[in-house]
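Hello,

Here is the structure I promised to pass on. My notes follow below it.

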Amino acid sequence: MSDEVVNYRVEGPVAVIFLNRPEAMNSFDASLRRDLLAALRHAGSDAALRAVVLTGTGRSFSAGADLKASAADMQVDVETRLQTEYRPIFEAIAAIPGPVIAAVGGSAAGIGMSLVLACDLVMMAEGSFLLAPFTNISLVPDGGLNWFLVRQIGYRRAFEYAVESQRIDARRCVEIGLANRIAPAGALVEDALAWAHALATRAPLSLTATKKAMRLAATADWATTFDFEASAQRTLRASADHAEGVRAFLEKRPPVFKSE
């Protein structure tokens, strides 16, 4: 994991991952794909972490795929690249036990937009926007973007935004459910970190189980989701953290969770 194109730092129970190709608006080349995957997997394997903030340096979250990539990079079959280099990134986000917050400054376009919508929570800076510009260059939205958009905002609205390559500004994103919160542009990372630290005080086993249950619910039927909930509840009910939460409630004090 290089500190050149991905910066990784830990602040207590929160990891912050920066896409760091500001001169290319954090567009994806081979090194960024490789190092982001390594950073996400590292975060997922760190038992001390409770939340992750994913953001970009400079004036953009990510402009998507680097259309000025090297000749060698462009020679790789695009389907192979999506399956072997991009797909593991999205799977790594889903596999991280705690919430992953996308902190979006400037633009998140193309597969950069896919990356944002793959996260569990989204905070956008004032003036930022999401964009699926694929019809401008005769391509199809990728990185699971069709799946994210249709499930998060419905087919007709998703189709309109995609085929017309419309910018979706931060306020509209919150209105239609693509983002959770808006922050002042100058305080985006600070506010995202404060949110992450607040989430880190909550019961980590509960956060993990809820993340799994809701991601399952996006694809499974009601009965399958119900079965997962029942099984997870049995496990959580037997945990030390559940007992601590109940004691803290009765004693009118903040709980101290230990992921046990």
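Ser 165 is buried, with a relative accessible area of 12%. Buried means under 20% relative accessible area, exposed means over 50%, and partly exposed lies in between (1.4 Å probe, protein chains only). Ser 165 sits in the loop between α6 (155–163) and β8 (167–169). Its phi is near 50 degrees, a positive value in a residue other than glycine.

Before going on, the ground rules. This is a predicted model: local features need pLDDT of at least 70, side-chain atom pairs count only at pLDDT 80 or more, and totals for chains, interfaces and linings use all residues. Residues are numbered from 1 along each chain as its sequence is written, and side-chain values use heavy atoms, with hydrogens and water left out.

Ser 138 is not a glycine, yet its phi is about 55 degrees. Ser 138 belongs to the loop between β7 (129–131) and α5 (145–153). Is Ser 138 buried or exposed? Ser 138 counts as exposed, at 67% relative accessibility. For background, most residues other than glycine have a negative phi.

**Overall**

The chain has eleven helices and nine strands. These are DSSP runs numbered from the N terminus: helices are H or I, at least four residues, and strands are E, at least two. The radius of gyration is 19 Å, close to the 18 Å that the globule rule gives for 260 residues, so the chain is as compact as a globular protein of that length. That radius is taken over C-alpha atoms, and the rule is 2.2 Å times the number of residues to the power 0.38. Along the principal axes, the C-alpha atoms fill a box of roughly 60 × 40 × 35 Å. Of the 260 residues, 45% count as buried. Contact means heavy atoms within 4.5 Å. Among contacts between residues at least 6 apart in sequence, 67% join residues at least 24 apart.

**α3 and α4**

Helix α3 (residues 78–95) packs on helix α4 (residues 111–118) at about 30 degrees, with the axes 9 Å apart. Axes are lines fitted to C-alpha atoms, for helices over the stretch in contact, and angles run from 0 to 180 degrees between N-to-C directions. The two helices are therefore roughly parallel, a label for angles under 35 degrees. From α3, the contact uses Leu 82, Tyr 86, Ile 89, Phe 90 and Ile 93; from α4, it uses Ile 111, Ser 114, Leu 115 and Ala 118. Eight of these residues are nonpolar, one is polar and none is charged. In α4, eight of eight residues are buried.

**Cores**

A nonpolar core is a set of buried Ala, Val, Leu, Ile, Met, Phe, Trp, Tyr and Cys residues joined through side-chain atoms within 4.5 Å. The largest has 51 residues, and Leu 36 and Leu 115 have the most contacts inside it. Apart from that core lies another, of 17 residues, including Phe 18, Ala 103, Leu 121 and Trp 195. Not counting residues up to four places away in sequence, Leu 115 touches Leu 19, Phe 28, Leu 36, Leu 54, Phe 61, Ile 89, Phe 90 and Ile 93.

**Leu 188**

Leu 188 lies in helix α8 (residues 188–200). Leu 188 is buried, at 6% relative accessible area. Beyond four places in sequence, its contacts include Thr 55, Ala 103, Val 104 and Met 123. Leu 188 and Phe 129 are 59 residues apart in sequence and 14 Å apart in space, C-alpha to C-alpha.

Best wishes

Methods
Parallel < 35°, antiparallel > 145°, perpendicular 65-115°, else oblique. Nonpolar A, V, L, I, M, F, W, Y, C, P; charged D, E, K, R; others polar.
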